[in-house]
Every structure is written in structure tokens, then in C-alpha cells.
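User: I've got a chain open in my viewer and a few questions about it. Can you walk me through them?

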Amino acid sequence: MDSDNLPVPGVVRLPDGRYVYNDTPATVSPMPPVQPAPTVIQHIHHAPPDRTVQRLALGSGIGAGAVAAGVYFGPLLVGVLTAIAANLAILALLAAVMTWGVVTVVRSVGGSDGKAAAQRVRRGR
């Protein structure tokens, strides 16, 4: 190929034979429109875990085993304490109902001795 026949970028040959620089910007082929990334919809049906234990453990230099134990055993401890509290509430309700039943039966069955015993139980509470 002859180098005289190659086009020089930005140089234009006029009809009278002179060469001039073309200062108009070159036409740029239009880019295809950029499509946004697809939106991902996640349905999360539980609350995220509490990260307080992790932050404390990592901040104080404790290893990953302690962090994993805190994350694993933390919710288990909450579940156990909740179960214990529910059992104690049921036992307290059961004790109150049974006491009420015993006092009612003693009052209705016994004469003056039953009423005196009910008075003693009432004063004891």
C-alpha cells in the first residue's frame, strides 16, 4: 500500500488540493442503551440475626469459634429461657386454680371448722 493514499485522522483534502485539519469531532457510533441490572426481589420471612455478640467478640480479639458459638447458642438460650418462663407461668396458674378449688370445697363441705380453716389459709397468703 502507498502511504500517500492512506487517510490521516483529522486531515481533510480540500477540492483545490490543500490539506487542512478537521476540527469538528468525529462522528461516534451511538452506543446501545445500557439496560439497568435486573431488580432482585427477596422475600425474607425472618428477622436478621443480632450482630451485637459478633461485634463484641471481633472487637476484643476473640476468635471465630467464639463468634460462631455466640451466634449459635444465643438464640438457643433465648428459646430455653422462654420455655422455662412459659412453664413457670402455667405452674403458677395451676397452683392458683387448685388453691381456689380447695378453699371452695373446704368452705362448702365443712361446717364451722371448714370456715375457720379457710380463714387461716386466706390469712396465710
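Analyst: Helices are DSSP runs of H or I with at least four residues and strands are E runs of at least two, numbered from the N terminus. This is a predicted model, where local features need pLDDT of at least 70, side-chain atom pairs count only at pLDDT 80 or more, and totals for chains, interfaces and linings use all residues. Residues are numbered from 1 along each chain as its sequence is written, and side-chain values use heavy atoms, with hydrogens and water left out.

User: In what order do the elements of the protein chain run from the N terminus on?

Analyst: The protein chain has 3 helices and 2 strands. From the N terminus, the order is β-β-α-α-α.

User: Where does Met-98 lie, and is Met-98 buried or exposed?

Analyst: Met-98 sits in helix α2, residues 64-109. Buried means under 20% relative accessible area, exposed over 50%, and partly exposed in between (1.4 Å probe, protein chains only). Met-98 comes in at 53%, so it counts as exposed.

User: What share of the residues of the protein chain count as buried?

Analyst: The chain has 125 residues. By that same cut-off of under 20%, the buried share is 5%.

User: Which residues is Val-12 in contact with, leaving aside its neighbours within four places in sequence?

Analyst: Val-12 belongs to strand β1, residues 11-13, and is partly exposed at 33% relative accessible area. Its C-alpha is 6.1 Å from that of Asn-22, 10 residues away in sequence. Taking contact as heavy atoms within 4.5 Å, the partners of Val-12 are Arg-18, Tyr-19, Val-20 and Asn-22.
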